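Keep the structure open beside you as you read.

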Amino acid sequence: MEKEILNAKKIIDDSTNVTVLTGAGISAESGIPTFRGENGLWRNFRSEDLATPEAFSKDPQLVWEWYEWRRKIVRDAKPNPGHYALAELENQIPTFTLITQNIDGLHQLAGSRNIIEMHGNLWQVRCTKCGKIEHNHEVPFKELPPMCNKCNSIGRPNIVWFGEIIPMTIIDSALIAIEKCDVMLIVGTSGVVEPAASLGLIAKQTGKPVIEINLERTPNSGLYDLSIFGKSGEILPLLYSKKTHLN
Ligand code: APR
Ligand code: ZN
């Protein structure tokens, strides 16, 4: 592993433009269960059972109770060294883009700035009628389901659900960041949910080196230039040199 980390560090040190894709794995060390790992289930429901427009129209209360449960966990969670390492890398590299599938907001809390949230944000409620988006940090909610304070229609989580498309503006910004980068890092994602799962392959197709950091192998591991298997909170802090006031 040491040799791989040195390789990865060299590639990053030689880069002036870095793009990173993260998934639930980077927040695992903050105590947030991943989707397909241990403790990923809620009341025996998989995320695929609840994070759909069908599930919401059938039982909005149930779906909101699930998000309420996740909001409690995330509210009590803190960023871990993996999040902080990416925020620090952003300070050190001229151009840095962080594409995340995570909706927990921990990257922002760690100080990351140039973030593309592909799947939405847990702290936003979107009106199902007028589309108004409201930032809401109530835990628990005063009322469940939360209602729109403009037209009093039911609110839904401002999150991209299975079967829903990601706004083209977001896809475009992610593709531009991949096209322009010198290297792409893929951190803590199982690589099974599209379109995020293909971003690494797109980077490969445009000739960019791709470095994967994940606890275990993923379907694309063999296609990437470098795969470092372990905890992102332990590996990411090793990928940049701690800037002191001397240099
Ligand atoms: N460090 C690095 N990787 C880790 C760690 C860790 N500490 N802990 C777990 N992992 C890895 C797991 O091995 C797994 O491959 O993180 C990955 C998490 O995979 P998923 O649970 O499938 O999460 P993710 O890839 O982000 O899911 C994608 O699916 O449910 C939807 O919209 C949801 O954004 C989510 C999308
Ligand atoms: Zn409304």
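Before we start, one term: a polar contact is a pair of N or O atoms within 3.5 Å. Also keep in mind that what you see is a predicted model.

**The ligand and its surroundings**

Let's begin with ligand 1. There are 22 residues around it, and E29, R36, T189, S190 and E216 come nearest. Which kinds of residue make up this shell around ligand 1? It divides into six nonpolar, 12 polar and four charged residues.

| Residue | Part of the residue | Atom of ligand 1 | Distance |
|---|---|---|---|
| T189 | side chain, N or O atom | oxygen | 2.6 Å |
| L215 | backbone, N or O atom | nitrogen | 3.2 Å |
| E216 | side chain, N or O atom | oxygen | 2.5 Å |

How much of ligand 1 does the protein cover? On its own, ligand 1 has 740 Å² of accessible area, and the protein covers 93% of that.

**Helix α6 and what lies over it**

Next, find helix α6, which runs over residues 81-92 and has 12 residues. From its first C-alpha to its last, the helix reaches 16 Å, close to the 16 Å expected at 1.5 Å a residue.

Which residues of α6 are buried? They are G82, H83, A85, L86, A87, L89 and E90. The cover over them includes the helices α1 (2-13), α2 (25-28), α7 (106-110) and α10 (232-235), along with the strands β1 (17-22) and β2 (95-100).

Let's zoom in on one residue of α6, namely A87. Is A87 buried or exposed? Its relative accessibility is 5%, and buried means under 20%, so A87 counts as buried. Leaving out residues up to four places away in sequence, A87 touches A110, G111 and S112. Take S112: it is 25 residues from A87 along the chain, yet their C-alpha atoms are separated by 4.5 Å.

**A serine in strand β9**

Now hop over to S227, found in strand β9 (residues 226-229). With a relative accessible area of 13%, S227 is under the 20% cut-off, so it is buried. What does the side chain of S227 pair up with? It makes a polar contact with the side chain of E212, at 2.7 Å. A polar atom of that S227 side chain also lies 3.4 Å from the backbone oxygen of S221. If you set aside neighbours within four places in sequence, S227 is in contact with E4, E212 and S221.

Finally, have a look at a few loops. A cis peptide bond joins V139 and P140, with omega at about -5°. P140 sits in the loop between β5 (133-135) and β6 (155-159). Another cis peptide bond joins E194 and P195, and here omega is about 5°. You'll find P195 in the loop between β7 (183-187) and α9 (196-205).

Back in the loop between β5 and β6, look for N152. It has a positive phi of about 60° although it is not a glycine. Is N152 buried or exposed? Its relative accessibility is 55%, and the cut-off for exposed is over 50%, so N152 counts as exposed.

Definitions and conventions:
Residues are numbered from 1 along each chain as its sequence is written. Chains are lettered from A and ligands numbered from 1 in the order in which they are written. This is a predicted model: local features need pLDDT of at least 70, side-chain atom pairs count only at pLDDT 80 or more; totals for chains, interfaces and linings use all residues. Side-chain values use heavy atoms; hydrogens and water are left out. Helices (H or I, at least four residues) and strands (E, at least two) are DSSP runs, numbered from the N terminus. The expected span of a helix is 1.5 Å times one less than its number of residues. Buried means under 20% relative accessible area, exposed over 50%, partly exposed in between (1.4 Å probe, protein chains only). Contact means heavy atoms within 4.5 Å. A residue is near a molecule or strand if one of its heavy atoms lies within 4 Å of it. A polar contact is a pair of N or O atoms within 3.5 Å; within protein, one must be able to donate a hydrogen and the other to accept it, and residues adjacent in sequence count only if both atoms are side-chain atoms. Accessible areas come from the Shrake-Rupley method with a 1.4 Å probe; for residues, only the protein chains shown count as cover. Ala, Val, Leu, Ile, Met, Phe, Trp, Tyr, Cys and Pro count as nonpolar, Asp, Glu, Lys and Arg as charged, and the others, Gly among them, as polar.
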